[in-house]
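Colleague: I have a model open and would like to go through one annotated site and one chain contact. Could you take the questions in turn?

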Number of protein chains: 6
Amino acid sequence: MFYTDGKLQFPVRVERPNPVFAKALQQAIGGVEGEIRVAMQYMFQAFGARGPAKYRDMLLNTATEELGHIEMLATAVALNLEGAPLSLKEEVSADVAGGAVLNGMDMRHILSVGLAAMPVDANGVPFDMSHVYASGNIAADMYANVTAESSGRVLAVRLYNMTDDPGMKEMLAFMIARDTMHQQQWLAALEDMGGETANLPIPNSFPQSQENQKYSYAYFGHMTDGSIPEGRWTAGPAMDGKGEFVAMQSQPMGGKPSLAPARPDGGAQTGQTSKSGSEGLLGRIEGAIERNI
Amino acid sequence: MFYTDGKLQFPVRVERPNPVFAKALQQAIGGVEGEIRVAMQYMFQAFGARGPAKYRDMLLNTATEELGHIEMLATAVALNLEGAPLSLKEEVSADVAGGAVLNGMDMRHILSVGLAAMPVDANGVPFDMSHVYASGNIAADMYANVTAESSGRVLAVRLYNMTDDPGMKEMLAFMIARDTMHQQQWLAALEDMGGETANLPIPNSFPQSQENQKYSYAYFGHMTDGSIPEGRWTAGPAMDGKGEFVAMQSQPMGGKPSLAPARPDGGAQTGQTSKSGSEGLLGRIEGAIERNI
Amino acid sequence: MFYTDGKLQFPVRVERPNPVFAKALQQAIGGVEGEIRVAMQYMFQAFGARGPAKYRDMLLNTATEELGHIEMLATAVALNLEGAPLSLKEEVSADVAGGAVLNGMDMRHILSVGLAAMPVDANGVPFDMSHVYASGNIAADMYANVTAESSGRVLAVRLYNMTDDPGMKEMLAFMIARDTMHQQQWLAALEDMGGETANLPIPNSFPQSQENQKYSYAYFGHMTDGSIPEGRWTAGPAMDGKGEFVAMQSQPMGGKPSLAPARPDGGAQTGQTSKSGSEGLLGRIEGAIERNI
Amino acid sequence: MFYTDGKLQFPVRVERPNPVFAKALQQAIGGVEGEIRVAMQYMFQAFGARGPAKYRDMLLNTATEELGHIEMLATAVALNLEGAPLSLKEEVSADVAGGAVLNGMDMRHILSVGLAAMPVDANGVPFDMSHVYASGNIAADMYANVTAESSGRVLAVRLYNMTDDPGMKEMLAFMIARDTMHQQQWLAALEDMGGETANLPIPNSFPQSQENQKYSYAYFGHMTDGSIPEGRWTAGPAMDGKGEFVAMQSQPMGGKPSLAPARPDGGAQTGQTSKSGSEGLLGRIEGAIERNI
Amino acid sequence: MFYTDGKLQFPVRVERPNPVFAKALQQAIGGVEGEIRVAMQYMFQAFGARGPAKYRDMLLNTATEELGHIEMLATAVALNLEGAPLSLKEEVSADVAGGAVLNGMDMRHILSVGLAAMPVDANGVPFDMSHVYASGNIAADMYANVTAESSGRVLAVRLYNMTDDPGMKEMLAFMIARDTMHQQQWLAALEDMGGETANLPIPNSFPQSQENQKYSYAYFGHMTDGSIPEGRWTAGPAMDGKGEFVAMQSQPMGGKPSLAPARPDGGAQTGQTSKSGSEGLLGRIEGAIERNI
Amino acid sequence: MFYTDGKLQFPVRVERPNPVFAKALQQAIGGVEGEIRVAMQYMFQAFGARGPAKYRDMLLNTATEELGHIEMLATAVALNLEGAPLSLKEEVSADVAGGAVLNGMDMRHILSVGLAAMPVDANGVPFDMSHVYASGNIAADMYANVTAESSGRVLAVRLYNMTDDPGMKEMLAFMIARDTMHQQQWLAALEDMGGETANLPIPNSFPQSQENQKYSYAYFGHMTDGSIPEGRWTAGPAMDGKGEFVAMQSQPMGGKPSLAPARPDGGAQTGQTSKSGSEGLLGRIEGAIERNI
């Protein structure tokens, strides 16, 4: 259950409203790198948490914090839109770099919401909840969270570099700091659970003896000239300490797939209901093998 | 530029076709944890790679491998659908656990594709390319890739546990092994670039002096009773060695946000074009401060 | 800014876990009638509120309450999934009406989230934020909120009727009551702003003298036999007291639209770059008039 | 079954084509406030109507009218695009306010459709049919329709204010009038069915004795300082005449949710398969109660 | 502008309501092969038609017919849902093949619409208007229409084969006939415009002298063993009579792409801002050439 | 299984980077007319191919070629973005027609990907895989492919006409040639399978005797004035040689649909649970007939 005090976690100040920057800020609200995503992702991870309760609590705290970040950014968007032109003939502010304001705005800021934030990205594409990653595996989720905070901080830095409004820079400097912490936090949680060695491969509950271990630490090359890009991933001990990296060219271990002809009542063309003679004998045998005949 | 030999990377065998399992397998093709996602994600990361060429090459190889995994899974889906019922009155195979086949199938396997795979998830939701994470920051992308391979291996393990078809288990044991490697590979790439200390916080090109460092390593509690879930994230050195974790209760540093009234020609109600007396003096002052008046 | 106590607003009890009902409950989380929608809708309406502050506060309270409803339902889904079959051969519980469990489940409850809730509807379609209606016009938003709570209560009633689990009925009886209140609340807010007469037509800030008033209170019939379905909408004073309902057959006031031919360099077929003689003189003149030639 | 005469319901004239306004008009075609939505919404409500036939007929008439509004707006878009620049070097018309034409255009008007309308919103996001609200409950649907016409009229007013083309203002003045009528019409239908008292709470077929009536007319505060925004919704008789409004602080009636540990074969981490000691005794008991143990 | 008589184009009869078949029928309403798609596709093609008016009229007629097909199918869905179980314990009809009804139903038919049709496909995925293909090129559009009617007739045939209800078979036999005609109609329109020779390649308004004609009629092989699948496409005159088919192995004409390093203020990692020595001299030169240095 | 050589199929050169053209090029990557679509469409058609193997091989080759086209276009986008402004105050390049660069750019090229391509269209809408048409009917698929290559070539021509960069024109001239070939190729495949007469109507495996043949070659007029747009489709032999075109006015063969009243426990309003007297006798009888009473 949740509560609010109606106040902002950090002050949101806009000295020179810029409707084009309002559009850019939308990415941090409704983009895949944005705050709706992390708020909802941590929340659903918490709601579905199975295992030690402290991880659930840790997630729930940060989910709750992120709700306040949506609030800050939505306020920032609305303040940047104050004074935006509402008509095509309205005088265009000359002090906004990048040309005419209306061309660079999200027109739906005028048409759909009356100069406020929307849960969409910088192109007006609505956030969709398929980006809420909550796998039921806490280690996988921690990496998903590091990812979200990494792309989130990259975005915040780009927004910081894009604007020259002191108020906006101040707000973003706070958000960048929080993203720093959150990157650390999820990595710390992984360490708390035993670190990479204990947790990898994810899920660690599946016995590695049942995977096809010949290929568990092999980098596959698919270059036609047989070249391999060498790096930490082609030799030396694996990161989980459970294998040794090798590099090899990928080879087909299977044959050409061969499906049964289409069924007569299945809506195909009549020509598809039997196989013509264009396949060689080998192909048919391989197909048969794969189809277990 | 790409080439093919039309063969499967690993043999795909189905001993007892099961149309319900075909539906489950769709998650590994068109789900967010699936193969279209990783193929396209690594491909777009490679296509946009700026920096040392070896990372581009490494990505391109694995992108190319993943295309072959889509092929394997699509073949597995088609083979599991052979013999599926096409009509509501058709005799239902009794040897498929979980009851009537048609009820558990994806009906579009019959209606839309004539017993073949689709680029959709287990619920028939089409894959959408917003899940292709390629940020232009290689460290962020490596974590995104670890995430994809972690949720991918979790999914493959669940599919392995769900089926009892020996051919399907064999194929999945191979794919699980490849996911093991790919988890390792992206972590190895991070190490190749200097490891966590060198790369964090992401992006490491932004001077930390410009972020609001007071909050860069602080875990914020949002519980009304002031409790904090303790763990590796509340005390001790940060994971990047650049700070010390602290824990604190989150406090509002800003006031209540206060937007300007709606503009008369902006399509709002007339009552919204001026502020009523329901706000206290303090609220108005805070609002004014935030609006830089 | 937000807080939590980690507790449930109302107890969530499941006596007989039913994974099929877990799927049905998803509609109340991630469906268009569900709780994510209202939480986010009220939140964005509050964040963008321009006008008297009390409406913003009222919205923010209820947005915060709805977050707790997501939590309750997510808990209910997870509890209903405990004991769900994870494999196709697992013994199927006989006491679940409607047949085999796995066929009626959302397979992604197993494959993607490890027996927890997802932000998707009963068909696994992710919630998308385009359903967050926040128009910047508070009266329009109040009607949007009445709509959300009406379809939400209809859904909750259908879920109540679908289940026979006492714990679930108890939880839903609470949620139905809250939906009752919320329907009332938004209608009360309309009354608070002056009621229908003062607020209609929405937006009331547009001078009605500028609309084409001949058609402002006219019900248009489009039946080829000229019949009109009579009701409160075909005669008598309009609901806003500003007009008198009339009924009339709809007639075309414009001619056939006639666009200019395609431009030679516009990627059309050559045959489209001039108009053939199949149009009568009248059509060309009407077209010309509409194109202001 | 449907018919057409190929003519426009109202003349569509464009004196000064403006490709940027063409983009804005798209919101009225394919936006959530637009005409495809209402046409399809009323149509599906009519097609699924169960109950007195006159409501079905009333809906069908208006659905049919709205089809003609799509036609008018599509014509308006096409006429606004005549003369649009097709290349990046083409001379830019100086008489279009808001700067360079191409920057403000929807480029897909050139690239995808050859200067015609698309079923997308002002940001090029395609309309998706999840916005067709047809609940099977006619009162809920009437409110959904009032909502659609309210946001639709708000949008039309904003478009009217945005343009200074006399032809476009004339067309929009007609559409604004129709939106006025349609707001009235759906409210009149509610009155026709007995008005608010008879119809609320929606659905009125559910016995209120079965809801948790203690909370049916209670406004819940979630502010940490205990403040309540007072208004028509905090005291006095409820709008449906069936209760009395009260205001109260929201309190958790449930405990902390506690799910069972992850199952060993469910793809979680091994650490998640048992609960650690970080939970207090009280939490475990509450959890047990909720899980009905 | 449009009209209706409220009647069905063809009678819709259901002898034995089957809620599972109702779900299958949804594909013909809201699937990509369905009727909303063709109605809207032909409508937008008509609304944007530039060129001879008769094609616009032809399109508009058929668009109008297709609206009636949505109506027929929506009626068929609603009739198939009469008698559907509303609760999990309700007695399950034994005469529906394929097992328990509720498991095979679209639950939203109960939860969201009260036993009526929705604008979604058989998996409950809402139709989205990006499938409305209207390119501004009439020949391209005619092929798009043939495609729509081909996949539509394939779907209708599969539905016909799936059901054994005489009323449904009768309705589908009519719809299949209409799909036959519409396939013919669009091909006839192509012939009317001069046939394949005149219209290909599409668009025929682009001078073929400006394309890279060396590759205009060449089938490219990408098989690593150099094999080519022979057919009508590898030899003989091209279908448009403007070239001669040849077959060849595809060879890279470009080098490895090489992008400039990331910019220091662009949010990348520091390691990406210069290129390491892992690229050979040749690669750098090729890159430079492509980057026009 | 797939391979790569990391080289471009055709050189990609950009003389004057233009970030606005980068946005336009996105349509050819992630638009419905773009290369992701054809690559994936041909790939899934190949993976699910049932029937003669040569068609599978033919499809697989071209799918593999199209992957390389994504690569070329992604490279073109990245090269066009080099030098793009990263901040709102940055000096705006004067030599780009159409005004300020930033206003015309896709801001996500800066914010989300660091100056690289994304799998989205020119409006930033992500490609979604529902556009991968693979019906299981090879003739339907060939028409789908002709459509894709027709709209693809129309798009490429428009891009060619939009740019004046020699490198870009050269690349597009190559792609236009490939689209020419691919249009030919799919038509040649249809001929290879017997041509239109043999293949139509699609699917040709359904006995035409079972369709309602009275309407199989009839053009239906829906104009209220009874006019029919005459053309090849209104008279003469049908294109498949199996019928004779006729034209007729469409007439309702069914009555008004009449659904049963809503069920008392189905969440409707009480007024919907019985039918009022507003229907005439005839309507009720027709309804009864259709409901088979």
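This is a predicted model: local features need pLDDT of at least 70, side-chain atom pairs count only at pLDDT 80 or more; totals for chains, interfaces and linings use all residues.

Colleague: Is A:Asp57 buried or exposed?

Modeller: A:Asp57 sits in helix 3 (residues 53-81) of chain A. A residue counts as buried if 20 or more other C-beta atoms lie within 10 Å of its own. A:Asp57 has 24 C-beta neighbours inside 10 Å, so the residue is buried.

Colleague: Which residues is A:Asp57 in contact with, leaving aside neighbours within four places in sequence?

Modeller: The unreviewed UniProt entry has a "binding site" annotation that covers A:Asp57. With the sequence neighbours within four places left aside, the contacts of A:Asp57 are B:Pro229 and C:Gly6.

Colleague: As by what kind of axis are chains B and E related?

Modeller: Chain B is laid on chain E by a turn of 120° and a shift of 0.0 Å along the axis, with an RMSD of 0.0 Å. The two copies are therefore related as by a three-fold rotation axis.

Colleague: What percentage of the contact residues of chain B recur in chain E?

Modeller: Chain B gives 39 residues to the contact and chain E gives 45 residues. The copies use different surfaces, and the share of chain B contact residues that recur in chain E is 13%.

Colleague: How many residues on the side of chain B that touches chain E are charged?

Modeller: Elements of chain B that each supply at least two residues to this side include helix 3 (53-81) and helix 6 (138-162). The residues of that side divide into 19 nonpolar and 14 polar, and the charged ones number six.

Terms used: Residues are numbered from 1 along each chain as its sequence is written. Chains are lettered from A and ligands numbered from 1 in the order in which they are written. UniProt positions are given in the numbering used here, feature names are shortened, and annotations may be inferred rather than shown by experiment. Helices (H or I, at least four residues) and strands (E, at least two) are DSSP runs, numbered from the N terminus. A residue is buried if 20 or more other C-beta atoms lie within 10 Å of its own, exposed if 12 or fewer, and partly exposed in between; C-beta atoms are placed from the backbone. Two residues are in contact if their C-beta atoms, placed from the backbone, lie within 7 Å. Copies are superposed by least squares on the C-alpha atoms of residues with pLDDT of at least 70 in both. Ala, Val, Leu, Ile, Met, Phe, Trp, Tyr, Cys and Pro count as nonpolar, Asp, Glu, Lys and Arg as charged, and the others, Gly among them, as polar.
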